[in-house]
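Student: Please take a close look at one part of this structure with me. I would like one connected answer.

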Amino acid sequence: MKVTLSFEETSSSDVSIMVDVLRASTTITAALDKFSKIIPCFTPEDAFKLKSEVGGVIAGERKGAKIEGFDIGNSPTAINDFSTDADTLILTTSNGTRILEKMNSTVLIGCLNNAEAVAEASLKVAESHIDLVMAGVWEKFAIEDFLAAGEIIHQISKKCEECEISEYAKSAVLASRDFEEVKKAFYESTSGNKLKGLGYEDDIAYSLAKNSSKNVGIYENNIIKVLL
Ligand SMILES: O=C(O)[C@H](CS(=O)(=O)O)OP(=O)(O)O
Ligand SMILES: [Mg+2]
């Protein structure tokens, strides 16, 4: 089993793990406790149109701020606090949902909250190649996604001694071993500073809770559901 690391686009036609820890992957993993279906959209207009067709709750952001007219922003803590009977969440975000459009493999959703669970699931689902795909921030490298991917790759390597881990993937593991440094990097990152400025500091703390969830989202036929 090959384990690699990529940026924005996957290098695997087998299994990809999309990592956007601030915040889309964390938001999706939290939302799977409340919604049976999460439909990623690529523009706010698509999201409004879909809501008019299928109903549900509409969530998302641009530049980190809740989109005008949406029920919720791209916030895992706000989703946890939101009460609804709806079973569908429509979600559009700047980076995480955007890169799903180009994925031509089985796609799992990874973050720190589900690092061990998504590592285990990827080894069950993959035949030969698991690629961790960092979402980044507006087509630029994001340190938080590199570190979160490193934690997931670390979990994979613990469960799979025979896995061939690429040097790029190994560097993410090495960079993510000192958790105090990881936490600092999250808060000082481009995304972290943006979120602090918007009053979303709780979401940063929430995203750092390792293995707080067993939810593993799988993206198939334009819908994200819990991988059972
Ligand atoms: O909503 C977020 O946290 C980010 C946007 S920004 O980096 O805060 O500007 O979007 P995501 O698609 O979750 O990376
Ligand atoms: Mg992000």
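This is a predicted model: local features need pLDDT of at least 70, side-chain atom pairs count only at pLDDT 80 or more; totals for chains, interfaces and linings use all residues.

Tutor: Is Ser 105 buried or exposed? Its relative accessibility is 16%, so Ser 105 counts as buried. The cut-off for buried is under 20%. The side chain of Ser 105 also has a partner: it makes a polar contact with the side chain of Ser 16, at 2.5 Å.

Now turn to the ligands. Ligand 1 has 16 residues around it. Among them, Asp 20, Arg 23, Asn 74, Thr 93 and Asn 95 come nearest. Helix 9 (residues 190–197) gives the most to this shell, with three residues. The space that ligand 1 takes is the largest pocket.

Look at individual atoms next. An oxygen atom of ligand 1 lies 2.8 Å from a polar side-chain atom of Asp 20. For Arg 23, a polar backbone atom is 2.8 Å from an oxygen atom of ligand 1. Glu 61 uses its side chain: an N or O atom there is 3.2 Å from an oxygen atom of ligand 1. On its own, ligand 1 has 360 Å² of accessible area, and the protein covers 98% of that.

Which residues are the protein donors of the magnesium ion (ligand 2)? They are Asp 20, through OD, and Leu 22, through O.

Technical notes. Residues are numbered from 1 along each chain as its sequence is written. Chains are lettered from A and ligands numbered from 1 in the order in which they are written. Side-chain values use heavy atoms; hydrogens and water are left out. Donors are N, O and S atoms within 2.8 Å of the metal (3.2 Å for Na, K and Ca); water is not among the atoms, so sites may look incomplete. A residue is near a molecule or strand if one of its heavy atoms lies within 4 Å of it. A polar contact is a pair of N or O atoms within 3.5 Å; within protein, one must be able to donate a hydrogen and the other to accept it, and residues adjacent in sequence count only if both atoms are side-chain atoms. Accessible areas come from the Shrake-Rupley method with a 1.4 Å probe; for residues, only the protein chains shown count as cover. On a 1 Å grid over the protein atoms alone, a cavity is a set of points where a 1.4 Å probe fits but cannot get out, and a pocket is an open set with protein on both sides within 12 Å along at least five of seven lines; lining residues have an atom within 4 Å of a point. A molecule sits in a cavity or pocket if more than half of its atoms lie within 2 Å of its grid points. Helices (H or I, at least four residues) and strands (E, at least two) are DSSP runs, numbered from the N terminus. Buried means under 20% relative accessible area, exposed over 50%, partly exposed in between (1.4 Å probe, protein chains only).
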